[in-house]
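Please read it alongside the sequence and the coordinates.

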Amino acid sequence: MLATMTNVVKRYGDTTALDHLNLNIKQGEILGLLGPNGAGKTTAIRVLCGLINADAGEINVFGKTQNISNLQTRRDIGLVTQNITVFNDLSALDNLKYFGGLYGLTGAKLNANIKEVLDFVELADRAKKRPKTFSGGMQRRLNIACALVHKPKLVIMDEPTVGIDPQSRNHILESVKKLAAGGTTVIYTSHYMEEVQAISDRISIMDTGRVIAEGTIEELMNRIQFESRVHLHAITPSEAMTEELRAISGVKNVTVNGSHYIVTSSSGSGNVSRIMEIATRNGGVTSFSEEKPNLEDVFLTLTGKKLRDDQGV
């Protein structure tokens with residue numbers, strides 16, 4: 001494991017932000033970290049980065065115990081903050097020089113890294129421009145570049161696509177995949193569920209300060225027993241067809257709106273072929289589809305909540 005958090009506890013007064021949190025991060029993976037408001041994601045990130053100390057538990061990063069005194073470990077971590085943390089009165093180039101210098105880079109090494117990271121985020125042509133003249137998406141990309149200029153082993157991205165256009169969002173997602181392909185480990189948090197589903201190798205879902213489920217998307221899907229829903233448009237809808245569909249074993253409900261049928265079956269009933277057979281025998285269909293569960297369904301089932309902007313701990 002690249003990093004582990006074992007039975008980590010963090011309290012703020014009477015509020016328990018992390019309640020015996022266990023989290024494992026594998027080398028080279030993109031780990032999607034999800035949680036509703038107040039789940040503890042932000043606190044977990046701060047503890048993992050060594051920005052704050054935990055009250056109890058063990059944090060191990062790169063084989064070393066992590067805490068606020070471990071400056072060497074922090075040099076190999078890049079943090080992309082949710083709020084854009086660049087200097088608007090400095091050029092993009094000078095921002096990168098400043099952040100690179102914080103990590104001890106100087107001279108030719110610093111200049112080489114800056115050139116590489118500007119190319120990576122496609123801002124080389126704007127190097128001498130100030131961020132206040134950039135679009136929101138360009139500012140986000142510069143924010144990422146500042147976290148990558150020292151070539152960290154672990155990059156933590158906390159809501160890196162908030163408030164930007166689809167083109168910039170796609171660029172950032174492709175950049176994340178390129179980072180992981182090059183061996184960099186990425187922890188990615190977002191309230192855009194489709195982003196996490198598109199790029200993550202594994203997903204950890206947090207709630208009330210602890211991880212309540214983790215695994216690949218397929219593994220998480222298999223943990224939850226979803227109802228099956230089939231949508232079809234019948235060529236010749238009829239009461240007889242409706243009654244036949246309702247008589248199928250495992251069918252819980254059939255709703256009809258004109259020619260549009262929705263057939264809901266209990267999980268694992270395997271009714272798709274039976275539904276299609278009945279529909280075909282009763283005149284056929286113009287369209288037929290099975291509604292598949294997604295990561296949003298898993299999240300809602302496990303937490304009982306929808307994903308919102310995290311303004312909590």
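Which residues in α3 meet Leu142, Ala145 and Cys146 in α5? They are Ala92, Asn95, Leu96 and Phe99. The model under discussion is predicted. Its protein chain has eleven helices and 14 strands, and buried residues make up 46% of its 313 residues.

**Overall dimensions and contacts**

- Taken along the principal axes, the C-alpha atoms of the protein chain fill a box of roughly 80 × 45 × 30 Å.
- Among contacts in the protein chain with a separation of 6 or more, 68% are between residues 24 or more positions apart.

**The helix pair α3 and α5**

- Helix α3 covers residues 92–102 and helix α5 covers residues 136–148; their axes come within 8 Å and cross at roughly 30 degrees.
- Angles under 35 degrees count as roughly parallel, and α3 is therefore roughly parallel to α5.
- The crossing of α3 and α5 is right-handed.
- The residues of the contact of α3 with α5 comprise six nonpolar, one polar and no charged.

**The sheet β2-β1-β4-β5**

- Four strands make up this open sheet, in the order β2-β1-β4-β5, and their pairing is antiparallel.
- The edges are taken by β2 (15–25) and β5 (64–65); each has a single partner strand, so one side of each is left without a neighbour in the sheet.
- Strand β4 (residues 56–61) pairs with β5 in the antiparallel sense over two bridges, and Asn60 stands opposite Thr65 in β5.
- Helix α1 (residues 41–49) lies across β1 (3–12), β2 and β4, and runs at about 120 degrees to β1.
- Gly13 is found in the loop between β1 and β2.
- Gly13 has a relative accessible area of 66%; the cut-off for exposed is over 50%, so Gly13 is exposed.

- Strand β11 (residues 228–234) is joined to strand β13 (residues 260–265) by six bridges, and the two run antiparallel.
- Ser265 in β13 is the bridge partner of Ser228, and Ser265 is also the bridge partner of Val251.
- β12 and β13 pair in the antiparallel sense over six bridges.
- The hairpin of β12 and β13 has two residues between the strands, and Gly258 there takes a positive phi near 70 degrees.
- β11 is joined to β14 by six bridges, and these strands run antiparallel; Arg229 stands opposite Glu291 in β14.

**The two faces of β11**

- In a regular strand the side chains alternate between the two faces of the sheet.
- In β11, Ser228, Val230, Leu232 and Ala234 point to one face and are buried.

- Val162 lies in the loop between β7 (154–158) and α6 (166–181).
- Val162 is partly exposed, with a relative accessible area of 30%.
- Leaving aside residues up to four places away in sequence, Val162 touches Gln82, Arg140 and Tyr192.
- Val162 and Arg229 are 67 residues apart along the chain, and their C-alpha atoms are separated by 33 Å.

Technical notes: Residues are numbered from 1 along each chain as its sequence is written. Side-chain values use heavy atoms; hydrogens and water are left out. Two strands pair if DSSP finds at least two bridges between them. Axes are lines fitted to C-alpha atoms, for helices over the stretch in contact, and angles run from 0 to 180 degrees between N-to-C directions. Angles under 35 degrees count as roughly parallel, over 145 as roughly antiparallel, 65 to 115 as roughly perpendicular and the rest as oblique. A crossing is left-handed if the near helix is turned anticlockwise from the far one by less than a right angle, and right-handed if clockwise. Contact means heavy atoms within 4.5 Å. Ala, Val, Leu, Ile, Met, Phe, Trp, Tyr, Cys and Pro count as nonpolar, Asp, Glu, Lys and Arg as charged, and the others, Gly among them, as polar. Buried means under 20% relative accessible area, exposed over 50%, partly exposed in between (1.4 Å probe, protein chains only).
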